[in-house]
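Please work through the following exercises with the sequence and the coordinates at hand, and compare each step with the worked solution.

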Amino acid sequence: MQPSVDQWSDARSPSSALAGGRDWLVDWLAKRALAVSVLAAMISLGGALLIARPIQFAMGVAGASATQAAQDAFATLVSTPQLVAEGAGFFGQSCGDCHGDDARGDEGPDLHGLAISNGRIAATIKHGVKGEMPSFARKYGDAQIAALVVYVRSLR
Amino acid sequence: MSIDPTIWPKLHGASTHFPVALAMAAALFDGLSVFGFVSPSLRARLRAAGYFTVILGALGTFPAVLSGLFMTKGNVLGHDATLFHHLFVWPAFACIVGLGTWRALVGERATPRGFAIYLAVLLVTAGLMAGAGYWGGELILNS
């Protein structure tokens, strides 16, 4: 049976919800609701920011920073015709079989007009996609991957 | 034993929509309840809905924030879309926890002035939550 409106109101009344000896505590808290709320917000926010530190240590922030720095380096790549041609060569060697020689997609997706960052493209080439695309980290160094990124970015 | 590295993005995605939706729903319910054309019976129901949604929304932020911290390896600001996401997330988190606590403590005892201030902050918080969700979506699509 659905509770009536009055029953809902009763359920939301701290004094009736916590009847008996705890009334004084509820009243005390209710009178200081603003201060308690601000305190709860500060403790929650401060706690979240504080817990970030041990998480950084536990999850190896140095490695994360190195990865981030590597991705940032790809963000500032400058496209030159030479680099595009170099990337096209690598693409033909390693990527065309799945993405199609014109990169319009075959087994793998169409790579024209990708709406992801250079860093993400580079990371995908480097690490692959589990179960879908192999990693090329052993085959290509950062310079070759940069050429591939520039080539893929040039596809419109 | 190694943990699947994609577990945190998955958990963050699974947990983060609840507080966003609940905060916006609380703003909607409590916002509607102040209009004059609303009957006393409907007003009580809207306030009850607003009460539960804001408290559940506040509780729901904790798993969302925790999974987000693990996902970013403890990075609380970041850059680009991540920075924008976090600039909305942290104030929204503090506000919704404060609002949920206040609403839980005050219940139906709020003065009209107190409720009006609560509602104004709740509307701002819902906006912050929506902004956090928007920039979170940008992270998925464009990062």
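The structure is a predicted model, in which local features need pLDDT of at least 70 and side-chain atom pairs count only at pLDDT 80 or more, while totals for chains, interfaces and linings use all residues. Residues are numbered from 1 along each chain as its sequence is written, chains are lettered from A and ligands numbered from 1 in the order in which they are written, and side-chain values use heavy atoms, with hydrogens and water left out.

**Exercise 1. Describe the secondary structure and the burial of chain B.**

Step 1: Chain B has four helices and zero strands, where helices (H or I, at least four residues) and strands (E, at least two) are DSSP runs numbered from the N terminus; the order of its elements from the N terminus is α-α-α-α.

Step 2: Of the 143 residues in chain B, 43% are buried, and the classes used here are buried for under 20% relative accessible area, exposed for over 50%, and partly exposed in between (1.4 Å probe, protein chains only).

Step 3: Among the contacts in chain B with a separation of 6 or more, 73% join residues 24 or more positions apart, a contact being heavy atoms within 4.5 Å.

**Exercise 2. Locate L128(B) and find which residues it touches.**

Step 1: L128(B) belongs to helix α4 (residues 112–142) of chain B, and because its relative accessible area is 17%, L128(B) is buried.

Step 2: When residues up to four places away in sequence are not counted, L128(B) touches F88(B), P91(B) and A92(B).

Step 3: The C-alpha atoms of L128(B) and V89(B) are 7.1 Å apart in space, although the two residues are 39 residues apart in sequence.

**Exercise 3. Find how many salt bridges the whole structure holds, and describe each pair.**

Step 1: Side chains of opposite charge can pair when their charged atoms come close.

Step 2: D30(B) and R103(B) meet at 2.7 Å, N to O. Since D30(B) lies in helix α1 and R103(B) in helix α3 (residues 80–106) of chain B, this pair ties together parts that are 73 residues apart in sequence; both residues are buried.

Step 3: K126(A) pairs with D142(A), their closest N and O atoms being 3.0 Å apart. Here helix α8 (residues 118–127) holds K126(A) and helix α9 (residues 142–154) holds D142(A), both in chain A, so the pair ties together parts that are 16 residues apart in sequence. K126(A) is buried at 18% relative accessibility, whereas D142(A) is partly exposed at 44%.

Step 4: D110(A) and R104(A) form a salt bridge at 3.9 Å, N to O, with D110(A) partly exposed at 32% relative accessible area and R104(A) partly exposed at 45%.

**Exercise 4. Which residues form the nonpolar surface patch of about 510 Å², and where does F37(B) lie?**

Step 1: The patch is made by L28(B), L32(B), V34(B), F35(B) and F37(B). Patches take residues with over 30% relative accessible area and no salt bridge, joining like charges within 9 Å and nonpolar side chains (Val, Leu, Ile, Met, Phe, Trp, Tyr) within 5 Å.

Step 2: F37(B) sits in the loop between α1 (7–33) and α2 (40–71) of chain B, and F37(B) is exposed, with a relative accessible area of 67%.

Key
Accessible areas come from the Shrake-Rupley method with a 1.4 Å probe; for residues, only the protein chains shown count as cover. A salt bridge is a side-chain nitrogen of Lys or Arg within 4 Å of a carboxyl oxygen of Asp or Glu.
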